[in-house]
Amino acid sequence: MDATDVLWGLCADDSRAAAALAVPFLIPLAINAHHPHRTAALAVLSGPARARHHGVASREEFLLHRNDPRCHAPDTHDDYGYEVTGYPAGWSVAAARAAITTATTELLPLLGDSDPTVRVDAAYVLATAADPAHTIRTALATGFATEGDAMVRAALLLAATEITRAHPHPPTVRWLRERWHDRAEAPEARLSAAVGWLCLTDQSAPEELRRAVDTLADNERAHAMEALPWMSAASGTNEPGLLRCRRCMLHPEEPDPEEVFWDSLF
């Protein structure tokens, strides 16, 4: 097992206090274009900065950042609860996000990397950073304007949504609506924009959005979009993340395949 597997294991076991300490050391590896483990470091870099997001696909909680527990919820530890060690999980998440925020300037150039996988993972990492001055959001929009890869375009929209949930920005909400409304846009980007828009507003889903998502979110595309870390995290048993988002956000009356699976075992 290599070091990145260990880091993933710590996060999976809810032991982020140790994993968060690795974040400042992973950042130099991730931004070094010549390091042999650069992509692996970047892929796991934001793991400690997220918690309680696996299998989450509802409008209320998908792409949601809880507040900093040190400032907003000192008694409940910001709804992240406690790690298996007894340490407040929210504190570990906050520490990892603080380290990523500090390195924003160094990480932003990765959005222009020649490797689309690096661009996707860079967006995923940057989405966890604090962005009160809209620096990251501006970079995401600038990159989107020239991005030719459909999956990266989708990633940039999801990253913008995640940041906007933490730092409300009405122009981004309007931008996302324009993107899912644009029939000339790549299907992957339209779907991400639709999901993002649903997360940022409490308005009822327009019929046009419902038709677009139901038409574009087929099994083949849903499995392809598992390449986006947001979607792979949202997935459940026998249900890719995109289809889980579609069901939870637009068709909550449909049965949960994960519950059906477990019920079938008993």
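Modeller: Happy to! Let's begin with a word we'll need: buried means under 20% relative accessible area, exposed means over 50%, and partly exposed lies in between (1.4 Å probe, protein chains only). You are looking at a predicted model, in which local features need pLDDT of at least 70 and side-chain atom pairs count only at pLDDT 80 or more, while totals for chains, interfaces and linings use all residues. Residues are numbered from 1 along each chain as its sequence is written, and side-chain values use heavy atoms, with hydrogens and water left out.

First, the setting. The chain has 17 helices and 0 strands (DSSP runs numbered from the N terminus: H or I of at least four residues for helices, E of at least two for strands). Among its 266 residues, 51% count as buried.

Now to your pairs. Side chains of opposite charge can pair when their charged atoms come close. Searching the whole structure turns up 12 salt bridges (a side-chain nitrogen of Lys or Arg within 4 Å of a carboxyl oxygen of Asp or Glu).

Start with Glu188 and Arg221, whose side chains meet in a salt bridge at 3.6 Å, N to O. Glu188 belongs to helix 12 (residues 187–200) and Arg221 to helix 14 (residues 219–224), so this pair ties together parts that lie 33 residues apart in sequence. Are the two partners buried or partly exposed? Glu188 counts as buried because its relative accessibility is 15%, whereas Arg221, at 21%, counts as partly exposed.

Next, follow Arg247. This arginine forms a salt bridge with Glu239, and their closest N and O atoms are 2.7 Å apart. Arg247 also forms a salt bridge with Asp256, where the closest N and O atoms are 3.4 Å apart. Glu239 and Arg247 are both buried, and Asp256 is buried as well.

Finally, take a look at helix 10, which covers residues 150–166. Of its 17 residues, 15 are buried, so helix 10 is largely enclosed by the rest of the structure. How far apart should its ends be? At 1.5 Å a residue (multiplied by one less than the number of residues), helix 10 should span 24 Å, and its end C-alpha atoms are 25 Å apart, which agrees.
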